Amino acid sequence: MQSTPDLSRLLNELETLASFSDAPAPAVTRVVFSAQDLAARAYLHRLFSEAPLELRTDAVGNTFARWVGGDSSLAPVATGSHTDAVPHSGRYDGTIGVLGGLEAIRALQRGGFHPRRSIELLVFTSEEPTRFGIGCLGSRLLSGVLSPEGARRLKDGDGRSLEEILRQAGFDKSLEDVRLADKFYHGFVELHIEQGTLLER
Ligand SMILES: [Zn+2]
């Protein structure tokens, strides 16, 4: 089976995603639920739908794009990362884990692979603490490390609550339904840039 990723397409998509920014290129500033973040989400949803993957978005804006496998009784395997960006960051932080995961799925599709387990691509909401002062907001809620009550107490620098901002951004589901069951995923792998020296050492 031949499954070669289309690198020029991937680089093009990374470049397009980087253009959704409140800072001039090559810097990227994309704070969660800003107009640029919402536009970037819409762009990604289009790419996911075209793959085609089944889309789901939860109450805090975590996005799940699923390649449905042949055996629905098996737990899916997952990959993904984040697309929010701290002020004046680079274009690959988080985004390579999302668009790289998407291209990996498309390469497998082109190669004629049919997964037994579903393969799910995740985009975690607000990995960066820029807006709400807490990192990994989406994945904390998914794993139950942060409770819905704890999330309701979060406010941004302008004193606006997370729920108010979610409603305004069009997310109207219940935060109680974000948490995933234990062992929901069979496995998870994230492609992410290395930002420290630990791995290198
Ligand atoms: Zn990151």
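Colleague: Which residues coordinate the zinc ion?
Modeller: In this predicted model, the zinc ion is coordinated by His82 through NE2, Asp93 through OD and His192 through NE2, at 2.0 to 2.1 Å.

Colleague: What spacing do the donors follow along the chain?
Modeller: The spacing is H-x10-D-x98-H.

Colleague: And where do His82 and Asp93 sit?
Modeller: His82 is in strand S4, residues 77-82. Asp93 is in the loop between strand S5 (85-89) and H3, and the two are 11 residues apart.

Colleague: Are those two buried or exposed?
Modeller: Both His82 and Asp93 are buried.

Colleague: Switching to helices. At what angle do H1 and H3 pack?
Modeller: About 145°, with the axes of H1 (residues 7-18) and H3 (residues 95-110) 10 Å apart. The crossing of H1 past H3 is right-handed.

Colleague: Which residues in H1 meet H3?
Modeller: Arg9, Leu10, Glu13, Leu14 and Leu17. Their partners in H3 include Ile96, Leu99, Glu103 and Arg106. The contact of H1 with H3 has six nonpolar, two polar and five charged residues.

Colleague: Now the rings. How many aromatic pairs are there?
Modeller: The count is five aromatic pairs. One of them is Trp67 with Phe113.

Colleague: Why is that pair edge-to-face?
Modeller: Because the planes of Trp67 and Phe113 are at 75°, and over 60 degrees counts as edge-to-face. Their ring centres are 6.1 Å apart.

Colleague: What does the pair tie together?
Modeller: Trp67 lies in strand S3 (residues 63-67) and Phe113 in the loop between H3 and strand S6 (119-124), so the pair ties together parts 46 residues apart in sequence.

Colleague: Is Trp67 buried or exposed?
Modeller: Trp67 is buried, at 11% relative accessible area, while Phe113 is partly exposed at 31%.

Conventions:
Residues are numbered from 1 along each chain as its sequence is written. This is a predicted model: local features need pLDDT of at least 70, side-chain atom pairs count only at pLDDT 80 or more; totals for chains, interfaces and linings use all residues. Side-chain values use heavy atoms; hydrogens and water are left out. Axes are lines fitted to C-alpha atoms, for helices over the stretch in contact, and angles run from 0 to 180 degrees between N-to-C directions. Helices (H or I, at least four residues) and strands (E, at least two) are DSSP runs, numbered from the N terminus. A crossing is left-handed if the near helix is turned anticlockwise from the far one by less than a right angle, and right-handed if clockwise. Contact means heavy atoms within 4.5 Å. Ala, Val, Leu, Ile, Met, Phe, Trp, Tyr, Cys and Pro count as nonpolar, Asp, Glu, Lys and Arg as charged, and the others, Gly among them, as polar. Donors are N, O and S atoms within 2.8 Å of the metal (3.2 Å for Na, K and Ca); water is not among the atoms, so sites may look incomplete. Buried means under 20% relative accessible area, exposed over 50%, partly exposed in between (1.4 Å probe, protein chains only). Rings of Phe, Tyr and Trp (its six-membered ring) pair if their centres lie within 6.5 Å; planes under 30 degrees apart count as stacked, over 60 as edge-to-face and the rest as tilted.
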